[in-house]
Every structure is written in C-alpha cells, then in structure tokens.
Amino acid sequence: MAPAGDSPASPRDAADQNFDYMFKLLLIGNSSVGKTSFLFRYADDSFTPAFVSTVGIDFKVKTVYRHDKRIKLQIWDTAGQERYRTITTAYYRGAMGFLLMYDIANQESFCAVQDWATQIKTYSWDNAQVILVGNKCDLEDERVVSAEDGQRLASDLGFEFFEASAKDNINVKQVFERLVDIICEKMNESLEPSPSPSSNGKSPALGDTPLPQSSSCSC
C-alpha cells in the first residue's frame, strides 16, 4: 500500500487533473466541534486556536496515494448552525464519505450525532461511508463523553470510530486515510461481477461527484 501524501495542499492540488479517482468528502457535526481546525490540520498541517464560525460551506483539495492509486480528495467543511442546514444538506448528494464529528467535552454535540446520522441517511447516497470522530481528545480533563460511549454509538449506527485531536495532531491523518480505504473497499466490491446488479440509480460511479441538488431540511 502506498502511503498517503504528507505535503500540504497547494494551488497545484486544486488544478491538478492527473488522478485516478476523485472523492468528495464532507465534515459534518455541530458548530464548534472543530471541523475547520480538523480540515486545516489535515490539508495544511496548521492549527489556529481561535474559533471562527464557518459561513455556509468551504472546501479544500488534497491529493493522496492509496492502494497504488492517485486519489484527489475534495473535502467540504460545512457549517454546523441550524440556519445553514438547508445549504449544507444540498451538498450531501454525491459525497462518498463523511466524517461525523462531536466534541468529547460537549455533551450536546454528542447527543446531536443521531440527528446528523439521520441527515446523512436522508440526503446522501446509500453507499456513502461514515466515520464517527470524537474530536478534542486533548481535553481529557474536560471530557464528558467517554470513548466507550462513542464506540457504542458508532457500533449502533454501523460506523467506524476514532477519537482525535486537531490541536495535538492525533489521528487526523489516520481518520482520513481510513475513510479513503473504506471507500476504496466498497468500490472494489461494487466492481465484482453480480448476477443481479442494482438498478436503483442511487449509487454513484467511481469518482462521480454529481452537482449538488437543492433540498430542504425536513426537521
């Protein structure tokens, strides 16, 4: 297995058309759980402690090497506030993977995970892959959500689970690499011959990134 690229994202990454696949990934979760910091740590290897609320949606591009393939990641950072929900759910369709994030020092953000999981099920492709991330594990003294509770919820939802810290750079790269690996595994499974291929039209082709469709939140 070839290692993922470690170099920070650059303008060349965004313009580079030399890749085998392109995966659209989304970071979702309540406001202030650290989604933007997590993305900046992964894409730019930088961390800013000051909290700046994401307005609407933003993205970064990073190219990695996995399984002898050059994979371009288009990683979208979504706003967690309710008023942006209609905007952000429009981007769910076509996303091949989600990092659903909560703050281990914020019980409310953990309680909201189920609602975010419902959003994924409602607005995304059936085969979108999800990893539950308990962020800010550096705040051990302020922890209110145990790792066991996080793992239990992830198991109930059928997701894989990591605790991580953008500040201390713990499991950031590993989370993204695992999400890419899961997507690759599912793609390989879909390429295997099947006597009765699915015809529901909901599964995207390899590297598909359909344009966002307008939708409204039903909650």
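This is a predicted model: local features need pLDDT of at least 70, side-chain atom pairs count only at pLDDT 80 or more; totals for chains, interfaces and linings use all residues.
Good morning. Let me begin with Lys-62, which lies over the face of Tyr-42, at 5.2 Å from the ring centre.

Phe-176 brings us to helix α7, where it is one of the buried residues. Others buried in α7 include Val-172, Val-175, Leu-179, Val-180, Ile-183 and Met-187. The helix covers residues 172–191, and its 20 residues should span 28 Å at 1.5 Å a residue. The end C-alpha atoms are 29 Å apart, which agrees with that expectation.

I now turn to the aromatic pairs. How many does the model contain by the rule applied here? The count comes to eight. One of them joins Trp-76 and Tyr-91, whose ring centres are 4.9 Å apart with 40 degrees between the planes, a tilted arrangement. This pair links distant parts of the chain, as Trp-76 is in strand β3 and Tyr-91 is in the loop between α3 and β4, 15 residues apart. Trp-76 has 13% relative accessibility and therefore counts as buried.

A further pair consists of Tyr-102 and Phe-110. Their ring centres are 4.8 Å apart and their planes stand at 65 degrees, so the pair is edge-to-face. Both partners are buried: Tyr-102 has 0% relative accessibility, and Phe-110 has 12%.

Thank you for your attention.

Key. Residues are numbered from 1 along each chain as its sequence is written. Side-chain values use heavy atoms; hydrogens and water are left out. Helices (H or I, at least four residues) and strands (E, at least two) are DSSP runs, numbered from the N terminus. The expected span of a helix is 1.5 Å times one less than its number of residues. Buried means under 20% relative accessible area, exposed over 50%, partly exposed in between (1.4 Å probe, protein chains only). Rings of Phe, Tyr and Trp (its six-membered ring) pair if their centres lie within 6.5 Å; planes under 30 degrees apart count as stacked, over 60 as edge-to-face and the rest as tilted. A charge sits over a ring if NZ of Lys or CZ of Arg is within 6 Å of the ring centre and within 35 degrees of the ring normal.
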